[in-house]
Amino acid sequence: MDKIDDAIEDAQLSTQLCPQEGKAWCKLSRAHEAKGNVSEAVKATKEWIQVDQSTKAKRELERLYGLM
């Protein structure tokens, strides 16, 4: 689990440094999901959608809602 925690920490730093970078939010979402924090993954995905209105981001949010 240490690698997942490191991934979360790295992604959080990336979102702080470049909050308009959709990939950073995507990585944060996936890292939270890998740790089992689906609600945190949803929050990160919502931020991702705010900066990137792509279909991929919206589909990811729908997929995560299905896991809740």
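**Exercise 1.** What covers the buried residues of α2?

*Solution.* The model is predicted: local features need pLDDT of at least 70, side-chain atom pairs count only at pLDDT 80 or more, and totals for chains, interfaces and linings use all residues. Residues are numbered from 1 along each chain as its sequence is written, and side-chain values use heavy atoms, without hydrogens and water. Helices are DSSP runs of H or I with at least four residues, numbered from the N terminus. Buried denotes under 20% relative accessible area with a 1.4 Å probe, protein chains only. In α2 the buried residues are G22, A24, W25, C26, L28, S29, A31 and H32. Their cover includes α1 (2-17), α3 (38-51) and α4 (55-67).

**Exercise 2.** State which residues have the most contacts inside the largest nonpolar core.

*Solution.* Such a core joins buried Ala, Val, Leu, Ile, Met, Phe, Trp, Tyr and Cys residues through side-chain atoms within 4.5 Å. The largest has 15 residues, and W25, L28, V42 and W48 have the most contacts inside it. At least two residues of this core come from each of α1, α2, α3 and α4. The largest share, 6 residues, is supplied by α3.

**Exercise 3.** Describe how α2 and α4 are oriented.

*Solution.* Using lines fitted to C-alpha atoms over the stretch in contact, with angles from 0 to 180 degrees between N-to-C directions, the two axes come within 12 Å and cross at roughly 15°. α2 is therefore roughly parallel to α4, a term for angles under 35 degrees. Finally, S29, R30 and E33 of α2 meet K56, E60, R63, L64 and L67 of α4, where contact requires heavy atoms within 4.5 Å.

Note on methods. Buried means under 20% relative accessible area, exposed over 50%, partly exposed in between (1.4 Å probe, protein chains only). Angles under 35 degrees count as roughly parallel, over 145 as roughly antiparallel, 65 to 115 as roughly perpendicular and the rest as oblique.
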